[in-house]
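Trainee: I would like to learn how to read a structure that is new to me. Could we go through it together, one feature at a time?

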Amino acid sequence: MNLKELYQEIILDHGKNPRNLGKFDNYNKDAKGHNPLCGDDVHVYLRLNENKKVDDITFEGKGCAISMASASIMTEMVRGKEEIEVKEIITDFLKMIKEKDELNNNILKEDEKTKLMSLSGVKQYPMRVKCATLSWHTLSSALENSQEVVKTEK
Ligand code: ZN
């Protein structure tokens, strides 16, 4: 299996069977995001504990396979990480999706990076980039405790 096939397999898997789907009771941060170009909706819930670590993170949503796979993979990447690490991962991911060829953070393990890189194929498709980044912008907003709904279009 080549890398492209591996990436496709990861996206299909997460798109069909999203991890951490649903809402949990004692979250203390959340935000909603909407991508009108594709019709993707996400609602991200997380709990930051007293040590500023992400205890738990889940999402609710509907949309295309890319948006659901990206949200699913995102929850796996940031669970158990500290807030400051989460912010670095978000920044690194957004840069990778838009302009870079690789991830540069030292937080994620190699196999985690491979999973995240599975979304790198959307780079050539500006419409798909919005699907892939929606949940990440929404997570960022949740950490800022912004009450505004994230929109990919102004
Ligand atoms: Zn989409």
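Predicted model: local features only at pLDDT ≥ 70, side-chain atom pairs only at ≥ 80, totals over all residues.

Trainee: Are Cys38 and Asp40 buried or exposed?

Mentor: The idea is to compare relative accessible area with cut-offs, where buried means under 20% and exposed means over 50%, with partly exposed in between. Cys38 has 31%, so it is partly exposed, whereas Asp40, at 0%, counts as buried.

Trainee: How should I read the fold of the protein chain, and how many helices and strands does it have?

Mentor: One counts the elements and then follows their order. The protein chain has five helices and four strands, and along the sequence they run in the pattern α-β-β-β-α-α-α-α-β. The radius of gyration is 14 Å, close to the 15 Å that the globule rule gives for 154 residues, so the protein chain is as compact as a globular protein of that length.

Trainee: What share of the residues counts as buried, and what share of the contacts joins residues at least 24 apart?

Mentor: Of the 154 residues in the protein chain, 46% count as buried. Among contacts between residues at least 6 apart in sequence, 60% join residues at least 24 apart.

Definitions and conventions
Residues numbered from 1 in each chain as written. Heavy atoms only, no water. Helix = DSSP H or I, 4+ residues; strand = E, 2+ residues; numbered from the N terminus. Rg over C-alpha atoms; globule rule 2.2 N^0.38 Å. Buried < 20%, exposed > 50% of the residue type's maximum accessible area, 1.4 Å probe, protein only. Contact = heavy atoms within 4.5 Å.
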